[in-house]
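Subject: Handing over a structure

Dear colleague,

Please keep the view open while you read.

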Amino acid sequence: MLRITLAFFLALASAQAHAACGRQTDFLVRSDTQLAPVRPADCSTVTQSPPEFSWPPQSGENTYTVTLTLPGGKSETRKTSANWILWDQPLPPGAYTWRVTSSGASEQKGEPRAFVIAPDAVAFTMPTPAALYARAVATPRPRTWSTDSTRPLGAARAERAGGYSKLLREVDDKMPAPVQPEPMSGSINSNYDDTTAEQKRTLNSALAWATTRQKRYGADATRRLLAQAAWNTEGTLSYKTNDMGSRNVAWTLALGYDWLHDYLDDGQKKVIREAIRVRVKPMYEDMARLSGYPYDSHGNVTLTLVAAIGALMAGEFPEAERWVKETIPQAVAWTSPWGWRDGGFANGTSQMFWDTGSNLPAWNVLRNVTGVDLGNKEWVRNHARFLAYFAPPGAPSGVFGDGHELALTEVSSRVAKALARFAPTPIGRWYAASLQGEDDSRLELLLAPRKDSGPAPLPPGTPDSAYFPSVGWVAMHSKLADPMRTSVYFKSSPYGSYNHSHSDQNGFVIHHMGQRLLASSGSYDGYQTPHWKEWYKQTRAANAITFDGGQGQGFNDRKFSGEITRFATFSTHDYAVGRAEAAYGGALTKALRAVVYMRPNLVVIYDSLASATPRTWEWNFHTPGRMVSKGERMVHVRNGKAQACIERVAGPDTTFRGDDRYTAEPQGRSEIRELHGVFSTTQKSTSADFVTLVRIGSDCSDVDGKDTQRAKKEGDTWRVDVASRSLRLSGDEVVLR
């Protein structure tokens, strides 16, 4: 019944939409890809009621009128001076249209856009700003944690007793030592690390006081809070110079103030309050720009923390009222700009864990203090599913973006478990239960809501592969639940190469038997280092196409984007097709790649390329293991027990080159060298098709006569016969018989 109803709604939405989905040409369609997106997207289906509405702002001061037409034909309007709005009441399932008009500095009228609210949509509405503030002021201290059945302090003494005891031992061990001196290094990263270390020591002592009421813990936490309150707000720890370090201090002071409120005397409270007020002021003032330009990795987390600090400090000084009334709604509107309804996160798997880990304690504060339950938001509810597919149990590392080479075993397990307790879903609970290695004394876990910790099997029918349209990422696994699985990842993202994303549209990664087999290369030695700019973020560092001596995709901009045009999953195989012409900034007129994964151990990669200028075409691949050429068309790669044979089965003549060099060496790298391979065409041409076979588990000795593969072009279609099956590739059409 659900499928029939949803199909009806989708058909109705399509009928109401513009001539075709996303074909509007109104003032909301802008060339600046860093501007706020239009949400809900035209013809989309949402499972949150109501969805957020956002659009690119116009220059100058404007009033925007949002007109929403409900399924029965009735229309409602709301006005705002911001370029987003949180609808103030739930909306029933059905098909809607909405439009925006602006008045003031810009007089514009938008075209209608359609969306559907699914029958199973979860209600998520916001209290008014006045109600938010009134509830925050009325919430007794400590405000951070709940007092209902989910109260985490009870869990700390029961099922979390091991981590809690570890925390107390750590506090006892470090109590005799002097407090952390004010960080004054010439290194921003070093100063940030120092604030993080002292943050942990301070909050551990404060929690020890809150749970035991032992004065020695209160005294230790207080001396640490007062020391940080005296740290400079200009210079090395100013928000302008070290935004994350300054943010750490402000967040620590606010949490410590809440947990130690009945221990601190009036004079101590005054000192800490003033330090919070002064340190948060530039953070709050910086947040206004995020409404128009939300794609800011540090800024988005800072926005959430300012909202939570406002909730903790409501009633303590006048500025906190503005933080609550203005920043909390904004933080809800932009919970994560790096992905939308499906829970995706385009800014890289490592950044995904770091950001979610930073946000979770603040999300708990917002739920407990203001009643804003982000666990009901569509993106938050679906986020654990994204984690499960792109950093599954047993994965040796992440896959795309800055830090892709890092395993992050402790962080991923800690974040997965905390997220499963905050926003439990069947796949999220399975994922969390399948990971281990977390530090169970960390606050994200000790202060997570107390939830059912019973059996958490993988939900029956969970597919082994998934596509996340909001970010253009695809994961294809031999068996999702098997830690020794084969995993094939593919990316062609609308987020392009911006921020922590790389110039790797139409790039792929293969993991096998718990090893990185074919992976993006380089090391995350810092943001905007020479290695980051000249190698790590470049197309030549990925398993992707370059031309004319390593030239690749555009650098650090959303406009250099890709698009997944086809995806399908079956019991025997999966495939995904990407187009990446925009990523090459006009240099190529065609950049198509189809990746077909034939379970359990075959991957066929089809590239179709074209340019107005004759090019030398280059097919790049990398491994952290060994690489041995078996001629000009075949290479064996091995990393530990994992191995594969890469064979060029069709396409122009190529030569093979392999080396371990970088265009710029990473700072402080280990002795382990990655190997880089490239098949380069021997003649320049304006077009080229490549058909490449990756036989996972093969050492290439079984190719001749044992597993014959043939590739033949029949008109515009490539026919590839492999493993007793026939694959046909034509444009973005993929057929396997």
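**Salt bridges and burial**

Arg599 and Asp574 are both buried, where buried means under 20% relative accessible area, exposed means over 50%, and partly exposed covers what lies in between, using a 1.4 Å probe and protein chains only. These two residues form a salt bridge whose closest N and O atoms are 2.6 Å apart; a salt bridge is counted here when a side-chain nitrogen of Lys or Arg lies within 4 Å of a carboxyl oxygen of Asp or Glu. The pair links distant parts of the chain, with Arg599 in the loop between strand E17 (590–598) and strand E18 (602–615), and Asp574 in strand E16 (residues 573–579), 25 residues apart. Helices (H or I, at least four residues) and strands (E, at least two) are DSSP runs, numbered from the N terminus.

Please bear in mind that this is a predicted model, in which local features need pLDDT of at least 70 and side-chain atom pairs count only at pLDDT 80 or more, while totals for chains, interfaces and linings use all residues. Residues are numbered from 1 along each chain as its sequence is written, and side-chain values use heavy atoms, with hydrogens and water left out.

By the salt-bridge rule the count comes to 43. Among them is the bridge between Glu319 and Arg277, with the closest N and O atoms 3.2 Å apart; Glu319 lies in helix H10 and Arg277 in helix H8 (residues 266–286), so that distant parts of the chain, 42 residues apart, are linked. Arg277 is partly exposed, with a relative accessible area of 23%.

Another bridge joins the side chains of Arg414 and Glu444 (2.6 Å, N to O). Arg414 belongs to helix H13 (residues 409–422) and Glu444 to helix H15 (residues 443–446), so this pair ties together parts that are 30 residues apart in sequence. Arg414 counts as buried at 5% relative accessibility, and Glu444 counts as buried at 12%. There is also a network of salt bridges that links Lys166, Glu170, Lys174, Lys200 and Asp439.

**A pair of helices**

Helix H9 (residues 297–313) packs with H11 at an angle of about 20 degrees, their axes being 9 Å apart; axes are lines fitted to C-alpha atoms, for helices over the stretch in contact, and angles run from 0 to 180 degrees between N-to-C directions. H9 and H11 are therefore roughly parallel to each other, given that angles under 35 degrees count as roughly parallel, over 145 as roughly antiparallel, 65 to 115 as roughly perpendicular and the rest as oblique. The residues that make the contact include Ser297, Val301 and Leu305 of H9 and Asp355, Asn359 and Trp363 of H11, where contact means heavy atoms within 4.5 Å.

**Individual residues**

Asn347 is placed in the loop between helix H10 (318–333) and helix H11 (349–370), and this residue is buried, with a relative accessible area of 0%. The side chain of Asn347 reaches the backbone nitrogen of His500 at 3.1 Å. Leaving aside residues up to four places away in sequence, Asn347 touches Ser297, Trp338, Tyr498, Asn499, His500 and Ser501.

Gln199 lies in helix H5 (residues 188–212) and counts as buried at 14% relative accessibility. With residues up to four places away in sequence not counted, Gln199 touches Asn248, Trp251 and Thr252.

Leu693, finally, has its place in strand E25 (residues 685–696) and is buried, with a relative accessible area of 3%.

Key: A polar contact is a pair of N or O atoms within 3.5 Å; within protein, one must be able to donate a hydrogen and the other to accept it, and residues adjacent in sequence count only if both atoms are side-chain atoms.
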